[in-house]
Amino acid sequence: MRNIFLFIRRFFTLIVFIVLQVFALWMLFKFNRLHQATFLGVANEVTGTINTQIDKLDDYFHQGEENRRLHKMNDSLMNLLQSNFDFPDTTERLATDTVRVDSSMGIRRYLWRPAKVVYNTITSEKNFMQINRGSRGGIRDDMAVLSSDWAVVGQVVNVSPNFSSVMTLLHVQSSVSASLKRTGDAGTIRWDGKDPRFVLLEGISKSADVKTGDTVLTSRYSYNFPPDKLIGRVANITSDPATGFFILKIRTAVNFGNIQQVHVVENLQREEQLQLQKETERKVDQQKKTTN
Amino acid sequence: MSDLVKNIFRLAIFILVQVYVLHKIPSLHRFIIPYLYFLFILWLPFSITRIGLLLIAFVTGLTLDYFTTTPGLHAAACVLIAYARPFIINLLIPKDTGEFNYREPSPRAMGWAPYSVYVFVLTLMHHTYLTFLEWMQIGTFLGFLIKVAGTTGVSMLLIFTVELLFPRKIKFRTNTA
C-alpha cells in the first residue's frame, strides 16, 4: 500500500498530464463523431454573448454588400405580387374567397426563421458558424441553413437556449445531397478541405452530360433541405480514373467570407418522413423473415 | 500588479486576439492559421508548480476550443507543451527555480539564443501535435509536413514581433520581493 502511495507521489505530474491528455482527446473524438461535447451548451452561451458584441462592430464593414443582396431578393419577391399581373380576359377575375380554410392551399412544409451570424471562420478544415437563435427560438439539430439569397450554407449541429452551431459546407464531414438542374442527376456535395471557394460534387456518373457552368441545386429527396435551392455552379470537370464517376468542382453561390444574415429552415414533416422510413424498413425486414 | 491579476489579463487578451483577429485574417495560404495564444503558457512565471502549469494550460486550450468549436483539440496541444516546458528550461538553463534573476522567461532573462530555442521547440511541438490531431482523418503526409513548417514559421515571426514591440517590464528579483 505504501509503495502505491509513493509511486503516485513520485509520478504525480506524469499522471496528471496523462489524465488531462486523455480527457482532451476523449472530448475531441467524441465531438468528431457525434458533434456533442461536454459543457458545449453552457460554453455556447458564453462565447455567443461575446461574439454578439464583437459582431456588432464587424457588421459595419459588410453592410453594403448585405444591403445589395437583400434589395435584390426583395425585388424578386416584389415581382411575384398579384398586383403586377393583369387579367385581360373577362372570364377570369380575381375574387376574395370568404371561406377561411382553403383546401387548395396545401399544407405548410417548410418554416423559415431569420438568424444572424455571430461568428464564422473559413480558415480551418472544420468550419463552424455560430448564429444568434437557439432552442428557445425553435431551432433544433439537423435544420437547414440558407443564406439571405436562399443559397445553401449548412446544417445545424448543436443548439443551446439562445445560440446554435452550424456546420457549413466548408467542413470535411459535411455532406449534402444535390442534383444538377439541367440533367437532374443526383450526387453528394462534400468538401476536400482545400479551397473555401469550391466544394466537390461526387457521385455523378460519367454517362451524365455535364458542362461547366451548370447549376447545382439541393436534391428533392433531402429530409433537411428544401428542394431546388441554389448550391453553386460547376467550375471544373475531371473524371476519376478509378471509378465510373466525375469529380465536379463547384463554385459555391455563397461567399462564406462575408456572410451575415441567414435563414434557418425547418422541415415540418421531417419526423413523419423519418418515421415512415423506419417503419418501412421494419416491415421489409419482417417480410424477409417470414418468407425465409 | 500581482502575477495573478497580470496573467488573467494576459489570458483574456491572448484569447480575444487569437479568436477575433488571428482566426479571422484572410488566410495567407490555404491553411496557415497564425497561432499566438500559446505564448501565454510560455510567459508564465518560473516559480509556478508543474501541476499548476498543466491545469492552467488545459484551461487556456479549452477556452480557445469553445470559441472555435473544436473541443479538446487545443487543450491537448497546450497540455503537451506545459508538460515539456520545465524540461526544456532545465536543459537550456540548468539552475534551480529559486536562482533565477527574473520572474518569467523572456529574452532578457534567458538571453536571446536560449530563449529562441525555447520558443522554437515548444512552438514546433504545439503545432506538430495540433496538426497531427487535425489531419488524422484527412490529408496527406506531405500536406502535414508543409502545414507544420508553415504554421511554425508564421508563429515564430509573430512571437518575435510581439517580443520586440512589447518588451515586458520585468522586475529584477530582489531579496525583499
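Keep in mind that the model is predicted.

Let's start with the interface. Chain B puts 27 residues into the contact, and chain A puts in 26 residues. Which helices of chain B each supply at least two residues to the side that touches chain A? There are three to name: H3, residues 50-68; H4, residues 73-92; and H6, residues 112-134. H3(B) gives the largest share of that side, with seven residues. The side of chain B that touches chain A has 16 nonpolar residues, seven polar and four charged.

Next, one helix pair. H2 of chain A, residues 12-34, packs on H3(B). The axes lie 9 Å apart, at an angle of about 10°. Angles under 35 degrees count as roughly parallel, so H2(A) is roughly parallel to H3(B). Who makes the contact? From H2(A), we have A:Thr13, A:Val16, A:Phe17 and A:Leu20. From H3(B), we have B:Arg50, B:Ile51, B:Leu54 and B:Phe58. By class, the residues of this helix contact are six nonpolar, one polar and one charged.

Now to the barrel in chain A. How many strands does the closed barrel have? Six, in the order S6-S7-S8-S11-S10-S9, and the pairing is antiparallel. From one strand to the next, the twist averages 40°.

Look at S6 and S9. S6 of chain A covers residues 176-180, and S9 of chain A covers residues 215-218. These two strands run antiparallel, joined by three bridges. For a landmark on screen, find A:Ser179: across from it, in S9(A), stands A:Leu217.

Key
Residues numbered from 1 in each chain as written. Chains lettered and ligands numbered in written order. Predicted model: local features only at pLDDT ≥ 70, side-chain atom pairs only at ≥ 80, totals over all residues. Contact = placed C-beta atoms within 7 Å. Helix = DSSP H or I, 4+ residues; strand = E, 2+ residues; numbered from the N terminus. Nonpolar A, V, L, I, M, F, W, Y, C, P; charged D, E, K, R; others polar. Pairing = 2+ DSSP bridges. Axes fitted to C-alpha atoms, helices over the stretch in contact; angles between N-to-C directions. Parallel < 35°, antiparallel > 145°, perpendicular 65-115°, else oblique.
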